[in-house]
Amino acid sequence: MLTGAAVLLGVTAGQAQAAEVSYATKCVPPSGIGLPDVNGTTKVEITAPATAKVGDTVDVVWKFTQAASKNPDIIDLPANSVQPSGTLKAAGAQSADIAMQGPRENPAIPKGGAMTLSDMKGSLKLTAAGQVTLTPDAYVVNALSTDTRCTPTQAVQPSATITVTAGGGSSGSSSGSPSQSASPTPSGPPGGSGTPSSSSSATPTSSPTGGSGQTDFTGKVVDIPYTCQSPIGEKRATSPVQINAKKSGGSYGLTVQFKKSVMNSPIDIPANSVKPSMQVTLGGSDKGSVKVTGPTNAAPVKQGAPIEIPDLTGTYKPGATGESTLSPGVLVIEALGTTTTCTPDSTAVSLTLNTEEQAGGASGGGGSSSSSSSSSGGAATGGGGLAETGSGDHGALKALGLVAGTAVLLGGAVFTFLPGRRRLR
């Protein structure tokens, strides 16, 4: 009783009488890396105003006093590489799920060190008089482009209570209403230096090109939804892609451009360590595919800097006479001995050409034209019309996070959970 009284006396006026709650938690590491689900303990303290009026918007803070994991003895986590998000349950006079999110701020976490997570913030508009309790629920930890999802396995006790009185209180301004991350952001694979597509609702069309004397052909920007398989699991993302062509004799030099760079490197990447390539899919009169490739990164990429895919180039030799279509196909990223393969969930025609059959051309049975490693062309602005697939955190092509390190780095080393003092490898 004396301890409880001391706690109450120590609460600043206007602040909720927050108490630390502890609850058993089941954490699911990223899929595809072979780690089992792990049970740990989460300790949380919620802070909010002690009293408020109907109509007020109150700010709420979720503080981790203990996360359900430690960093295993495999790799050091760099500073500002971990971001938490989660859901806070409001109950009593009103029910609501409050989206909480913290900044990507953490000290460097050494091997075996405690997982340090930033404070998460959110806001709640009060709609009914009475007692409103605030209870922590599931949360997500994002580190080095991977998500680990943690869910309570027992009933969790409220950590704070707000007494809400009737009467038109003025709506307080919140520090923001963060939404739960799962990933971070939509979007697409890293791209060139061009600008993002201006619209995702317009339906692209592609008319056949290639009149007498014309040598340069510009394709439409099309949004391509990818599913990417890598050592760290499966990810989805949508990227604007454009295919351009330059005619030389009976063949065409192709340039494939990714329109935006939306992924930051989780760690430093050495120069000449990332090699991209793609298969351009042929259709219409012609069949098969054309391999296009890009150069490796000429300069190192610092942690936090954008990872860009350069222009991919190759040579298309037609195997049929008529209208031949070119569409983005499978994208492959090779880096430091690892490979990520991104397959379109659906594709769209970026360029249609009036072609004439050439000896040894692609023609008919799924053969591939020869490839070229020369680079040409630049980024352009465009739009696409395919519906984006996956959830909103797929903005960045997170599956390509492996380019920042080896499979050992991202193959589950980040989140091996340690219930208590027992370390699960």
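Me: Which residue in β9 does Asn 142 stand opposite?

Reply: Asn 142 stands opposite Asp 147 in β9. Keep in mind that this is a predicted model.

Me: What makes β8 and β9 a pair of strands?

Reply: Two strands pair if there are at least two bridges between them. Between β8 and strand β9 (residues 146-152) there are 5 bridges, in the antiparallel sense, so the two count as paired. They form a hairpin with 2 residues between them. In the turn, Leu 144 has a positive phi of about 50°.

Me: Which other strands pair with β8, and how do you know?

Reply: Strand β5 (residues 82-92) pairs with β8 over 10 bridges in the antiparallel sense, and Leu 88 has Pro 136 in β8 as its bridge partner. Strand β10 (residues 160-165) pairs with β8 over 5 bridges, again antiparallel. There, Leu 134 stands opposite Ala 160 in β10.

Me: Is β8 mostly covered or mostly open?

Reply: Strand β8 (residues 130-143) is mostly covered, since 10 of its 14 residues are buried. For the protein, 46% of the 425 residues count as buried.

Me: Why is Tyr 139 called buried?

Reply: Buried means a relative accessible area under 20%. Tyr 139 has 2%, so Tyr 139 is buried. Phe 64 has 9%, so Phe 64 is buried by the cut-off of 20% as well.

Me: How many aromatic pairs does a search of the whole structure find?

Reply: The search finds 5 aromatic pairs. One of them joins Trp 62 and Tyr 139, with 6.3 Å centre to centre and 75° between the planes.

Me: Why is the pair of Trp 62 and Tyr 139 called edge-to-face?

Reply: Rings pair if their centres lie within 6.5 Å, and planes over 60 degrees apart count as edge-to-face. Trp 62 is in strand β4 (residues 57-66) and Tyr 139 in strand β8, 77 residues apart. Both Trp 62 and Tyr 139 are buried.

Me: What makes Phe 64 and Tyr 139 an edge-to-face pair?

Reply: Their ring centres are 5.1 Å apart, which is within 6.5 Å. Their planes are at 70°, which is over 60, so the pair is edge-to-face. Phe 64 lies in strand β4 and Tyr 139 in strand β8, so this pair ties together parts 75 residues apart in sequence. Ring pairs link Trp 62, Phe 64 and Tyr 139 into a cluster.

Me: Which residues touch the most other members of the largest nonpolar core?

Reply: Trp 62, Leu 134 and Ile 162 do, in a core of 36 residues. Strands that each supply at least two residues of this core include β4, β5, β8 and β10. β8 gives the most, with 5 residues.

Me: Which residues is Ile 162 in contact with, leaving aside its neighbours within four places in sequence?

Reply: Among them are Ala 48, Val 58, Leu 126, Val 132 and Leu 134.

Me: What other core lies apart from the largest one?

Reply: Another core has 33 residues, among them Tyr 226, Tyr 252, Leu 312 and Ala 362.

Me: How many helices and strands are there in the protein?

Reply: There are 2 helices and 22 strands.

Notes:
Residues numbered from 1 in each chain as written. Predicted model: local features only at pLDDT ≥ 70, side-chain atom pairs only at ≥ 80, totals over all residues. Heavy atoms only, no water. Buried < 20%, exposed > 50% of the residue type's maximum accessible area, 1.4 Å probe, protein only. Helix = DSSP H or I, 4+ residues; strand = E, 2+ residues; numbered from the N terminus. Phe/Tyr/Trp six-rings, centres within 6.5 Å; stacked < 30°, edge-to-face > 60°. Core = buried A, V, L, I, M, F, W, Y, C linked by side-chain atoms within 4.5 Å. Contact = heavy atoms within 4.5 Å.
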